[in-house]
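Hello,

Here is the structure I promised to pass on to you. Please have it open while you read, and my notes on what turned up follow below.

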Amino acid sequence: MNTNELREKYLEFFKGKGHQRISSASLLPENDPTTLFTSSGMQPMVPYLLGEKHPLGVRITNSQKCFRTQDIEEVGDNRHTTFFEMLGNWSLGDYFKEEQISWFFEFITKVVGLDPDRIYVTVFQGKENLNIPRDEKSAKIWQELFVSAGVSSKIVGDPEFGMQNGRIFYYDESKNWWSMCGKPEKMPVGQLGGPDTEVFWDFGEELGLHKKSHWAGESCHPNCDCGRFMEIGNNVFMEYIKTNLGFELLPQKNVDFGGGLERIMAAKNNVPDVFLIDIFDKMRQTLERLSGKNYSSAEVQESFRVIMDHLRAATFLISDGACPSNKDQGYFTRRLVRRAVRFANKIGIEGNFCGELADSVINYYITTYPELSQNKDTILSELLKEEEKFRKTLQTGLKILRTQMRVQDPKSGQKLDFVDVSDGYVPTKLDAKFLFNMYQTYGFDFEASIEEIKQLPKRSLLQNEIENLKNGFNEELKKHQELSRKGAEQKFKGGMADDGEMSIKYHTATHLLHSALREVLGDRVEQKGSNITSERLRFDFSHSEKLTEEEIQKVERFVNKAIESNLQTSFKEMVVEEAKSQGAIGLFGDRYGDKVKVYTIGDGSQIASKEICGGPHVESTGGLGKFRIKKQESVSAGVRRIKAILE
């Protein structure tokens, strides 16, 4: 079984349990000002988990593309990746714990073939002061399943004391509780939450990972981080709502399951290194050929893993519209590519290589994600452009770093080339701000700069010096992140997430703008992204040239005519093929499911827009106000951006 087959078996298994299969949403969320990326399988499902009716019913399954920026620095070990697929199935007020736990156990043991004796689970121990009881129901279901499989099923209530021959372990809310705000006490009134039960695969005590990773006296258990155990699935049971009086049970209880596709495949192979699954085979072989080094060598594994992860992620991000740039989502794509080039340089790859690895990613996923092949030219072009640009920057950065590290004559203060510091010369003092600038400007993370400095002749670094620099670097990074966060909050304030009146008006105007651009520039125009606040709309679309003043005026006239005509807005639910046949525009099979809502603005002979969308919209266009384009700019090659207001 390879990873593509594993994904298909999962989706077919839950289809056989009455679930409707939907496509993965884009990595770039539509009209969600709270986040830059789709970072979990449940993220596109939030409206339905909060009560909105899903057009396909109460049982849904898919494999969702995910990207997590917070894991960039973690990549390099054997299990962290920035891009991953999350296998998911949801019950929207239908089945609950009994079915979910039993079905997943059946899938991983019967379909995947995992040995139940290597499976361990965790459940919620309860929160007495909040009157949330221990999840004994889930523990009992698991115990019965393990007994039926002929496996010991002891329940452990205090995992801090180690395995204790246990199979099922109780943990507190820091491990086995889910809500959008984390721990129960932090949840605002009106928010949903509930216990979860997580599933772990044991790679085996014989690996000795627990012995190498624990301090004296510490005990190994499923949730420790020694590397012996890997979480492969998480069943979330949303059964509580926070009220002014505390926590109350919900009349409609939901199930949200998420399982890491790559991690389940690693468990199937019984190899704790996810980078040894078949997805990465071609990339790994290419890197070995280009570098002349073998992945099995411990000294190059970190570099190989960073390169493979980052270029797989960048390939998907560019395909979904996040081309390398210095802002928003594109900033992270640029950072991924530059880190990959930096680590490639470290293992001796000096020529362009990103396109070759991206090509292997495209070929591997060609059936599951055909849009990669459709966007191949853009992906390869953007990668090459960024790679060549950074290689020039990289050499400049190395030169500046080495210049900064020249030693200083204690008498004249003159900086000299590398000489023996024992002759009385002192090395130039390192500055954390300088190292952070190397990171910001040239893509050198802290460790990369330290590694380069250590290789310079006659330049040694004491451990306490490194630690002080690291602390200073982290302070600079924290300041930068706070500024970025404040900027993002300002940029995205009042977006569609609040369903405010002006946001809904701008959302409706975006549909009219999309139609206007296709009318004026041609049907080749496609939406590449949007962001809507209560103050303006921003719309990205495929077009290679700057709009002329005449074209801008035509677009404005189209939109304002639709507003003045006070057209009615309506929607119908239909299957994708019917939406296509009716001329609805949208990114079919990518951001939406197999059954969609089609919003139409106008009727009869006067239809201004017909587009698939989740809503919301105004009932009629007459109250939108006057539409005016304030600014246009280039986002990346072949993609332009319009910012507009309603007056």
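Where is the place of Ser-325? Ser-325 sits in the loop between helix H9 (298-319) and helix H10 (328-346); helices here are DSSP runs of H or I with at least four residues, strands are runs of E with at least two, and both are numbered from the N terminus.

Before going on, a word on the basis of all this. This is a predicted model, in which local features need pLDDT of at least 70 and side-chain atom pairs count only at pLDDT 80 or more, while totals for chains, interfaces and linings use all residues. Residues are numbered from 1 along each chain as its sequence is written, and side-chain values use heavy atoms, with hydrogens and water left out.

Ser-325 counts as buried because its relative accessibility is 13% (buried means under 20% relative accessible area, exposed over 50%, and partly exposed in between, with a 1.4 Å probe and protein chains only). Not counting residues up to four places away in sequence, Ser-325 touches Gly-330, Tyr-331 and Arg-334, where a contact means heavy atoms within 4.5 Å.

Another buried residue is Met-438, in helix H14 (residues 432-442), with a relative accessible area of 0%. The C-alpha atoms of Met-438 and Leu-398 are separated by 9.3 Å, and the two residues are 40 residues apart along the chain.

Now to the strands. Strand S17 (residues 595-603) is largely enclosed by the rest of the structure, because seven of its nine residues are buried. S17 pairs with strand S16 (residues 569-575) in the antiparallel sense over seven bridges; two strands pair if DSSP finds at least two bridges between them. Within this pairing, Val-575 has Lys-595 of S17 as its bridge partner. S17 and S18 form a hairpin with two residues between them, and Gly-604 in the turn has a positive phi of about 60 degrees.

Asn-270 has a positive phi near 55 degrees and lies in the loop between helix H7 (261-269) and helix H8 (281-291). Its relative accessible area is 32%, so Asn-270 is partly exposed. Asn-566 has a positive phi near 50 degrees and is found in the loop between helix H18 (549-564) and S16. At 38% relative accessibility, Asn-566 is partly exposed.

Best wishes
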